[in-house]
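Open the model in your viewer and keep the selection tool ready.

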Amino acid sequence: MHDKTLSELATALAAGEFSSRELTEHYLERIQRLDGELNSFITVTAEQALASADAADAARARGNVGALNGLPLALKDLFCTRGVRTSCGSRMLDNFESPYDATVVERLAAAGALSLGKTNMDEFAMGSSNENSYYGPVKNPWDLAAVPGGSSGGSAAAVAAGLVPAALGTDTGGSIRQPAAFCGITGLKPTYGRVSRYGMVAYASSLDQAGPMAYSAEDCALLLEAIAGHDPRDSTSVARGVPNYRDELSASLSGLRIGLPREYFGEGLDPGVESAIREAIKVYEGLGASVQEVSLPHTDLAIPAYYVIAPAEASSNLSRFDGVRFGHRCENPSDLIDLYKRSRAEGFGTEVKRRILMGTHTLSEGFFDAYYKKAQQVRRLIRQDFLDAFEEVDVLMGPAAPTPAFDLGAKKDPLSMYLQDVYTIAINLAGIPGISVPAGFVGRRPTGLQILGPHFSEQHLLNVAHQFQQATDWHRRRPAFGEENS
Amino acid sequence: MQWETVIGLEVHVQLSTQSKIFSGASTAFGAEPNTQACAVDLGLPGVLPVLNENAVSMAVQFGLGINAEIPEVSVFDRKNYFYPDLPKGYQTSQMYHPIVGPGEVEISLEDGSTKRVRVHHAHLEEDAGKSLHEDYHGMTGVDLNRAGTPLLEIVSEPDMRSAKEAVAYLRAIHAIVTYLGISDGNMAEGSMRCDVNVSVRPAGQAAFGTRAEIKNVNSFRFVERAIAFEVERQIELIEDGGQVTQETRLYDPEADETRSMRTKEEANDYRYFPCPDLLPVVLDKAYVDHLRDNLPELPAEKRARFESELGLSAYDAGVLSSSRAMADYFEAVKDVCGDAKLAANWVQGELSGQLNREGRDIADSPVTAAQLGGLVLRVRDETINGKAAKQVFAALWNGEGASADEIIEAKGLRQVTDTGAIEAMIDQVIADSPVQVAQYREASEDKRGKMIGYFVGQVMKASRGTANPQQVNALLKQKLDRA
């Protein structure tokens with residue numbers, strides 16, 4: 001069963017080939033057997049999953065069910081789930097059970113989907129390797145010596161290993177697309193405002209966006225349809241109709257104008273990754289697309305701007321974790337200041353503290369204009385780069401990450417880790433959507449092609465990705481991990 | 001040396017929206033702790049604010065009420081600091097682009113003159129919760145019912161020059177917000193409180209002195225006393241060769257003094273930045289115009305109309321327009337009785353006196369405006385005389401009847417103007433008082449004036465107060481002087 005895509009599973013469930021309970025039991029068995037090594041889940045909610053599966057089977061017997069009825073999914077552990085721990089990969093929230101469900105969680109449930117559990121992640125979504133988790137690192141099922149990428153590393157690894165057919169991740173600077181690329185799956189970061197952020201624990205509010213991670217573009221379309229749309233509880237969600245994202249998947253790409261940003265093929269790009277991407281572009285040319293080089297002149301400013309804006313917002317967003325109302329509280333505080341200091345010192349990991357410090361510094365009196373204001377100006381320039389490029393071409397293509405998955409423990413220096421996001425981060429600053437699709441391997445490790453489009457062009461991006469997946473089978477490849485025993 | 005006081009006020013007005021500024025929780029006062037705090041107010045992980053449109057509308061109405069500029073775009077910022085009653089670790093406020101721009105408020109001073117105080121701006125923000133230090137055995141309790149209550153902070157220019165002016169300004173703000181119906185203005189419940197910036201400078205000096213900010217003063221009286229204390233403290237300090245330090249102080253009403261809370265060096269760096277969870281508020285012209293067209297009559301306009309149209313004195317017009325409750329009451333009385341001056345006298349005299357004695361507000365007067373209007377009408381058409389009117393008022397106050405007419409009938413207080421009936425009573429009194437009549441008739445003309453009082457009293461007594469006193473007087477004089 002676990003070699004099927006989410007869409008194929010939906011068809012099989014509808015055809016009665018197996019029940020949702022059988023499917024759910026199958027995945028739960030795999031999680032139990034294999035995740036000890038992978039560490040992709042923080043919490044597995046087997047009991048609730050089976051109860052939901054039975055309810056889904058009963059609903060199907062009565063007829064008239066949602067598009068995701070009975071399909072098991074997993075949620076990155078920063079989506080609030082009522083009655084289930086939502087840890088954000090942090091000691092700070094190890095004891096936190098949300099009293100409410102995130103909007104996307106409600107919407108998935110309304111479509112009939114069920115959750116197998118909450119996936120591992122870099123603490124508070126800060127990281128590119130999933131090594132910054134209180135619950136330990138996640139391994140890449142393609143090569144257990146490699147990281148799965150981050151911060152949605154648990155979701156990516158779990159899907160790649162066939163522990164769940166699809167998962168939700170979040171993407172603030174590449175946290176869906178880079179792990180999708182590292183784990184050989186498809187991951188979509190929607191336009192900022194397309195998916196509600198209500199109930200998604202905030203890292204950097206103006207950049208965070210939830211999105212699907214699955215085997216295929218078709219699966220991502222199925223999931224996006226369920227979670228997208230205006231939410232009155234999120235003022236930054238956009239009141240704009242949600243198209244049927246599967247309708248245009250088969251549209252022809254004849255005449256498609258592809259732009260290759262010069263800056264995405266420069267120094268630092270692994271030659272193996274580059275050749276895989278160039279091969280993928282050739283596939284598109286074979287499908288009738290034309291290719292031209294374009295420029296995104298402010299690309300080199302994206303990482304500096306991001307590391308001003310995101311930590312600034314994070315330093316404020318994470319202030320609520322103070323040991324007063326929920327989350328970690330230190331033992332025997334001597335007074336209020338001691339309570340704050342020790343609760344936060346004990347509750348947060350190193351990278352989180354580093355970003356809180358950076359953000360606090362850049363927002364401080366005397367530094368605000370030089371850092372935060374300047375970064376916002378840069379952000380506008382970066383956005384304009386993309387708008388200008390989309391005057392000339394329909395989509396932009398390039399690598400999702402400069403290298404394939406690197407070894408666990410390989411990047412000790414935070415700056416070299418930050419450079420991982422060189423091709424993904426500007427997309428969040430511009431607010432546009434991006435999708436990473438499997439595009440081959442460098443040795444045993446997968447690599448991903450990133451496709452970018454203008455704001456709210458998800459339907460087109462999914463079409464472009466789907467057509468590639470009709471012409472290639474990279475997204476059909478599965479790691480050997482776990483198969484020898486099954 | 002002659003000193004001049006310079007005062008600026010930051011007034012926090014709680015807006016009377018049903019729900020909070022960024023959540024759907026109720027804003028009602030006095031509920032059990034933490035029963036009116038939802039996930040958003042608690043700052044739970046993942047929650048997001050949604051701006052309450054009524055709070056925006058109320059803020060704009062205030063702006064229009066003080067003839068302020070209403071900027072097309074305003075922006076919410078986060079003010080970051082840690083405190084247990086601040087659930088998110090930041091207060092959502094408006095630092096750089098407030099919803100109300102510069103405006104001005106006219107205040108009336110005791111000598112009858114008026115003065116304009118400039119308002120620098122007014123901005124929307126959320127209130128914090130409340131830390132409770134009692135009853136927790138050395139620990140602190142936190143009540144977040146108030147967290148997220150919408151506040152309009154109105155920041156004046158340093159235009160006031162005395163405690164009296166500051167109080168007059170505060171009263172003017174109070175009148176405007178209650179007239180607009182955007183706040184209940186209840187200072188005891190914290191619906192209105194202010195921070196007072198005070199400095200002194202030698203008379204004639206242009207530069208301002210160093211100011212102290214007195215935080216969270218919550219009554220008109222305390223504002224006056226806090227300023228009085230602070231001015232004296234600063235002058236003494238300077239005259240003794242010292243210097244005023246820029247600091248935040250607290251007014252202690254028990255000790256009637258201000259005390260230092262923290263100095264400028266200890267001040268927080270709030271690290272303001274635009275709140276990424278809220279979009280800028282964009283007000284289109286039609287929206288603002290609609291609110292402008294529907295503004296109620298405000299205190300200054302009402303005062304002017306009371307003088308010009310109703311012919312009231314400046315003083316009466318000022319008193320009767322001082323609050324919307326007072327003005328509405330007065331106008332209702334006037335409409336029923338049809339005589340503005342009589343209505344003004346009764347509202348300011350008998351009614352206000354009784355309310356003051358019992359410490360009640362006009363809004364919960366036991367005598368309704370319709371009832372008082374009915375009473376004044378009967379005074380005006382001479383159905384009852386002044387003495388009976390006071391009896392009727394007392395009866396209405398005590399709930400002895402539904403209307404003045406009912407009480408007049410029940411108690412038989414209708415004024416007797418029938419000459420025959422009055423003459424009969426006079427004849428009886430003259431017959432019963434031979435000694436007094438003889439004395440009167442022997443007395444000189446100027447003494448008689450005093451002596452006639454006795455007879456008037458007897459006749460009024462015989463009529464149980466209902467005889468028309470002027471008629472009694474005239475008829476008595478005729479009959480006594482005749483012999």
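A nonpolar core is a set of buried Ala, Val, Leu, Ile, Met, Phe, Trp, Tyr and Cys residues joined through C-beta atoms within 7 Å; buried means that 20 or more other C-beta atoms, placed from the backbone, lie within 10 Å of the residue's own. This is a predicted model, in which local features need pLDDT of at least 70 and side-chain atom pairs pLDDT 80 or more, while totals for chains, interfaces and linings use all residues. Residues are numbered from 1 along each chain as written, with chains lettered from A and ligands numbered from 1 in written order.

Select B:Ala59, B:Tyr169 and B:Val196: of the 216 residues in the largest nonpolar core, these touch the most other members. Helix H2 (residues 163-180) of chain B gives this core its largest share, eleven residues (helices are DSSP runs of H or I, at least four residues, numbered from the N terminus). Another core, of 34 residues, lies apart and includes B:Phe330 and B:Ala404.

Next, show H12 (residues 419-432) and H14 (residues 445-462) of chain B, whose axes, fitted to C-alpha atoms over the stretch in contact, are 9 Å apart at about 125 degrees, on a scale from 0 to 180 degrees between N-to-C directions.

Finally, colour the chain contact: 24 residues of chain B touch 36 residues of chain A, with C-beta atoms within 7 Å counting as contact.

How values were computed:
Contact = placed C-beta atoms within 7 Å. Helix = DSSP H or I, 4+ residues; strand = E, 2+ residues; numbered from the N terminus. Buried ≥ 20, exposed ≤ 12 C-beta atoms within 10 Å, placed from the backbone.
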